Amino acid sequence: MEVTDIEDWGLGLEKNLLIAGPCSAESPEQIEEIAKGLRGSPTQLFRAGVWKPRTRPGSFEGKGTEALGWMEIAREQLGIPITVEVANADHVEQALKAGIEVLWIGARTTVNPFSVQEISEALRGVDIPVMVKNPINPDLQLWIGALERLEKVGIHKLAAIHRGFSDPYEKRYRNKPEWSLPIHLKRMIPGISVICDPSHICGTREIVASVSQRAINFGLDGLMIETHHEPDNALSDSKQQITPETLKIIYENLAFRDTIDEHPEVISELDKFRHKIDLLDSQLLELLAERFDVIQHIGEYKREHNLAVYQPDRWQSVMESRIKAGVNKNLTEKFMKNLLFAIHEESVKKQEAQLKEAATVQKS
Ligand code: PEP
Ligand code: MN
């Protein structure tokens, strides 16, 4: 996939992109107040939703096309480009007519290939950057698929936005972040920038700063933060929006760290430790392979004595003792559980394969 770097979009955007603005455009006065508040902040792109995808009907659904005209106020106040969400071909047509510089596709739209295709067709032959939010479910292929549909119609100015994933059991976040997915996406589509939207991840403004810092720590390329001059009175997402003043403070306190490529002098220093890690990894692998050999012997024994592969009591006691041992060595319970589940799943699979193989040999 061929992706044009954000810095080459021709809009003056730079590294550590900051996108700010309200969840929804509510009135010309609201846009003016927020834009005024953002003056002097490092905001590079102004966001506002004019068509709002709401979970249930009856809530504020955005001011639609008329609100596109209000974006001129923000452009004048801040001298920066504007981005709005589009969810169908009609939105695209209206946004292009209004001279909006960047489009974004929301999580509820990315999830639907028909909608993404409709938007892509409406953009055929148009040179405009598009940012694609992750789908509401943690499906990397669906996210990549949306980017591919846009690329196929000739859009190369592409970026992705990580806004977290819906999880009914999640308590802390509105949409649970899954940092491995954006990292994977960056590996699969070299050159793509992934922006983090901490507002929709958090759902409450108190944790926006810490999630923003995590996104930077994971090497994401920028932030999209919902900003309102009177967050509590916002017509949508009032709990998660922050004031322009808070945004400035959060941004000033973020620690941006250099990448290793920017400091070739530290590489030889780090290489010493990396060598040690390489050695430990190969020892770990040797031990794991040895462990699976023993598993194979046990599998053979179970087959000969017609015993079930899965022995719940044994598994329970292995889990308990290993977790305890791991925690004593400063490893978290969650990590130990994940590790043990992975090893156990592989062991069961191996023993099942042994049984199947033996059964086919017997038959033939
Ligand atoms: C938004 O950015 O206001 C929005 C609707 O977000 P999402 O698509 O991530 O829910
Ligand atoms: Mn919102």
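**Close-up views of a predicted metal- and ligand-bound chain**

**View 1. The whole chain, for orientation.** The protein chain has 13 helices and eight strands, where helices (H or I, at least four residues) and strands (E, at least two) are DSSP runs numbered from the N terminus. This is a predicted model, in which local features need pLDDT of at least 70 and side-chain atom pairs count only at pLDDT 80 or more, while totals for chains, interfaces and linings use all residues. Residues are numbered from 1 along each chain as its sequence is written, chains are lettered from A and ligands numbered from 1 in the order in which they are written, and side-chain values use heavy atoms, with hydrogens and water left out. Along the principal axes, the C-alpha atoms of the protein chain fill a box of roughly 80 × 50 × 40 Å. Of its 364 residues, 45% count as buried; buried means under 20% relative accessible area, exposed over 50%, and partly exposed in between (1.4 Å probe, protein chains only).

**View 2. The two domains.** Domain 1 spans 6-257 and domain 2 spans 264-363, with bounds that come from an automatic or database domain assignment. Their C-alpha centres lie 42 Å apart.

**View 3. The manganese site.** Which residues coordinate the manganese ion (ligand 2)? They are C23 through SG, H200 through NE2, E226 through OE and D237 through OD, at 2.1 to 2.4 Å. Donors here are N, O and S atoms within 2.8 Å of the metal (3.2 Å for Na, K and Ca), and sites may look incomplete because water is not among the atoms. Read along the sequence, the donor residues follow the spacing C-x176-H-x25-E-x10-D. If you want to check the geometry yourself, ideal angles at a metal are 109.5 degrees for four tetrahedral donors, and 90 or 180 degrees for six octahedral ones.

View 4. Most residues other than glycine have a negative phi. D237, one of the manganese donors, has a phi near 45°, a positive value in a residue other than glycine. D237 belongs to the loop between β8 and α10 (244-253), and its relative accessible area of 17% makes it buried. N16 has a positive phi too, of about 55°, although it is not a glycine. N16 is found in the segment before β1 and, at 25% relative accessibility, counts as partly exposed.

View 5. How many residues lie around ligand 1? There are 13, and R47, K52, A107, K133 and R163 come nearest; a residue is near a molecule or strand if one of its heavy atoms lies within 4 Å of it. An oxygen atom of ligand 1 is 2.8 Å from a polar side-chain atom of K52. A polar backbone atom of A107 also lies 2.8 Å from an oxygen atom of the ligand, and an N or O atom in the side chain of R108 is 3.0 Å from an oxygen atom of ligand 1. The protein covers 97% of the 300 Å² of accessible area that ligand 1 has on its own, by the Shrake-Rupley method with a 1.4 Å probe; for residues, only the protein chains shown count as cover. By class, the shell has four nonpolar, two polar and seven charged residues. Ala, Val, Leu, Ile, Met, Phe, Trp, Tyr, Cys and Pro count as nonpolar, Asp, Glu, Lys and Arg as charged, and the others, Gly among them, as polar.

**View 6. F46 and T83 in their strands.** F46 lies in strand β2 (residues 45-47), and T83 in strand β3 (residues 82-85). Though 37 residues apart in sequence, F46 and T83 are 6.1 Å apart in space, C-alpha to C-alpha. Are they buried or exposed? F46 is buried because its relative accessible area is 0%, and T83 is buried with a value of 0%. The side chain of T83 reaches the backbone oxygen of V102 at 3.0 Å.

View 7. Q30 has its place in helix α1 and counts as buried, at 4% relative accessibility. Its side chain and that of H228 are joined by a polar contact of 3.4 Å. A polar contact is a pair of N or O atoms within 3.5 Å; within protein, one must be able to donate a hydrogen and the other to accept it, and residues adjacent in sequence count only if both atoms are side-chain atoms.
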